[in-house]
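These are my notebook entries on one protein model. I set down what I looked up and what I found, entry by entry.

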Amino acid sequence: KIRINGDFDVLMKNFEIFKKYCHDNNREICIMVNPMRNNWGEMVNFALWCDEHNVSLWFNTILYPAHLALFNLPSKELTKIIKQLKKDLEKAYLINFNSFLSKNFDKVNHLINNQIENWLWENLENGL
């Protein structure tokens, strides 16, 4: 939805080409995800998808456009996001325990417990 004129089928075809090249040549491939207001609920699913494809996951911090960013949400909203993502992550980890790659679990865990919680504390200090 956020990629104007993007073609998901072309994206996935290209991903498979790059993934095969990297795996065949002992190189790491990383998926960069932009957590935003319109997709934050998908972050755990990104980790599961990356595990399924044996690739690493990284999260970018979105500052602009500000109306899509998470860091500037009111504390109440950030609290809801943290609670839901923790619940989703715990459920995913329990269901997929044997196949869940620890590096991707750690990436989502860091996003929740470090990045988003830091924004929450900063916003609480600033009365937001």
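Which side chain does a polar contact join to that of Ser 56? I looked this up and found Glu 28, with a polar contact of 2.3 Å between the two side chains. I take a polar contact as a pair of N or O atoms within 3.5 Å; within protein, one must be able to donate a hydrogen and the other to accept it, and residues adjacent in sequence count only if both atoms are side-chain atoms.

**Entry: basis of the notes**

I note that the model is predicted, that local features need pLDDT of at least 70, that side-chain atom pairs count only at pLDDT 80 or more, and that totals for chains, interfaces and linings use all residues. Residues are numbered from 1 along each chain as its sequence is written, and side-chain values use heavy atoms, with hydrogens and water left out.

**Entry: the whole protein**

I counted 4 helices and 2 strands in the protein. Helices (H or I, at least four residues) and strands (E, at least two) are DSSP runs, numbered from the N terminus. Along the sequence I read the pattern α-β-α-β-α-α. The C-alpha atoms fill a box of roughly 50 × 40 × 20 Å along the principal axes.

I found that buried residues make up 32% of the 128 residues. Buried means under 20% relative accessible area, exposed over 50%, and partly exposed in between (1.4 Å probe, protein chains only). The protein exposes about 8700 Å², of which carbon and sulfur atoms supply 54%; such areas come from the Shrake-Rupley method with a 1.4 Å probe, and for residues only the protein chains shown count as cover.

I also looked up contacts, meaning heavy atoms within 4.5 Å. Among contacts with a separation of 6 or more, 76% are between residues 24 or more positions apart.

**Entry: Ser 56 and its surroundings**

I placed Ser 56 in strand E2, residues 56-59. Ser 56 is buried, with a relative accessible area of 4%. Not counting residues up to four places away in sequence, Ser 56 touches Glu 28, Ile 29, Cys 30, Ile 31, Cys 50, Lys 103 and Asn 104.

Asp 51 lies in helix H2 and counts as buried at 11% relative accessibility.

**Entry: cysteines**

How many disulfides does the count come to? I found 0 disulfides, where a disulfide is a pair of cysteine sulfur atoms within 2.5 Å. Cys 50 is in no disulfide either, as the nearest cysteine sulfur, that of Cys 30, is 8.9 Å away. I noted Cys 22 as buried at 10% relative accessibility, and Cys 50 as buried at 0%.

**Entry: Ile 112**

I found Ile 112 in helix H4, residues 102-125. Is Ile 112 buried or exposed? At 1% relative accessibility, Ile 112 counts as buried. Leaving out residues up to four places away in sequence, Ile 112 touches Ile 82, Leu 85, Lys 86, Leu 89 and Glu 117.

**Entry: backbone exceptions**

Most residues other than glycine have a negative phi, and most peptide bonds are trans. I therefore recorded the exceptions to this pattern. Phi of Asn 26 is near 55°, a positive value. Asn 26 lies in the loop between helix H1 (8-24) and strand E1 (30-33) and counts as exposed at 77% relative accessibility. Phi of Asn 54 is also positive, near 55°. Asn 54 lies in the loop between helix H2 (43-52) and E2 and is partly exposed, with a relative accessible area of 47%.

A cis peptide bond joins Tyr 64 and Pro 65, with omega about 0°. I placed Pro 65 in the loop between E2 and helix H3 (75-95).

**Entry: Ala 66**

I found Ala 66 in the loop between E2 and H3, partly exposed at 35% relative accessible area. Apart from neighbours within four places in sequence, Ala 66 is in contact with Arg 37 and Asn 72. The C-alpha atoms of Ala 66 and Arg 37, 29 residues apart along the chain, are separated by 10.0 Å.
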